[in-house]
Amino acid sequence: MLPVPIVRLDRDLPLPAYAHPGDAGLDLLAREDALIPAAGGRALMPTGISIAIPRGYAGFIAPRSGLALKHGIGGINTPGVIDAAYRGELKVVMLNTDPTNDYQVHRGDRIAQLLIQKVEEVQWVEVDALDGDDRGGGFGHSGR
């Protein structure tokens, strides 16, 4: 298990937690109430925590599938990337894609998931040509 230092900026909210054993994402909670208007309304929702992700890892904020399916709530910059050097409050950019219904976020609601994953830094190796076959296409060229 990876130890990650955390500062609780709002002591009345519980720390992020896994809903079930073996889950990949920890549930992030809303620190404030907010109304997200229908048809593209957005909100930047604070979560009440700051974390210190170890170097060699990054945090990724992903939407909750239930909010997406039932209410059209997702994220614009999904997944949101949290670099290891970031120390500010984690915030979630929420987007309402429902064409007609506003969405009310209540303080303490589960609004997104946080995944902490190992990431590699790259070192570019400039070459004149790439090995392997060029499958070509991209952007849907492989079929349905």
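**Entry 1**

I looked up Glu89 and found it buried, with a relative accessible area of 17% (buried means under 20%, exposed over 50% and partly exposed in between, with a 1.4 Å probe and protein chains only). I am working from a predicted model, in which local features need pLDDT of at least 70 and side-chain atom pairs count only at pLDDT 80 or more, while totals for chains, interfaces and linings use all residues. Residues are numbered from 1 along each chain as its sequence is written, and side-chain values use heavy atoms, with hydrogens and water left out.

The side chain of Glu89 meets that of Arg31 in a salt bridge at 3.0 Å, N to O (a side-chain nitrogen of Lys or Arg within 4 Å of a carboxyl oxygen of Asp or Glu). This pair links distant parts of the chain, since Arg31 is in the loop between β2 and β3 and Glu89 is in strand β8, 58 residues apart (strands are DSSP runs of E with at least two residues, and helices runs of H or I with at least four, numbered from the N terminus).

**Entry 2: other salt bridges**

I noted that Arg31 also forms a salt bridge with Asp10, where the closest N and O atoms are 3.6 Å apart. Asp10 lies in the loop between β1 (6–8) and β2 (26–29), and Arg31 in the loop between β2 and β3, so the pair ties together parts that are 21 residues apart in sequence. I recorded Arg31 as partly exposed at 24% relative accessibility, and Asp10 as buried at 10%.

I then turned to Arg55, which forms a salt bridge with Glu121, with the closest N and O atoms 3.0 Å apart. Arg55 sits in the loop between β4 and β5 and Glu121 in the segment after β10, so this pair ties together parts that are 66 residues apart in sequence. Both residues count as exposed, Arg55 with a relative accessible area of 70% and Glu121 at 65%. Salt bridges that share partners join Asp10, Arg31, Glu89 and Arg107 into one network, and a search of the whole structure finds six salt bridges.

**Entry 3: the largest pocket**

I looked up the largest pocket and found a volume of about 410 Å³ (a pocket is an open set of points on a 1 Å grid over the protein atoms alone, where a 1.4 Å probe fits, with protein on both sides within 12 Å along at least five of seven lines; lining residues have an atom within 4 Å of a point). The volume is the space filled by probe spheres set on the points, which are joined across faces, edges and corners. The largest pocket is lined by 15 residues, of which Leu2, Val4, Tyr18, Leu26 and Ile116 lie nearest its centre. The lining divides into 15 nonpolar, no polar and no charged residues (nonpolar being Ala, Val, Leu, Ile, Met, Phe, Trp, Tyr, Cys and Pro, charged Asp, Glu, Lys and Arg, and polar the others, Gly among them). The largest share of this lining, three residues, comes from β10.

**Entry 4: backbone details**

I found a cis peptide bond between Thr78 and Pro79, with omega of about -5°, and placed Pro79 in the loop between β6 and β7. Ala39, a residue other than glycine, has a positive phi near 60°; Ala39 is in the loop between β3 (34–36) and β4 and counts as exposed at 60% relative accessibility.
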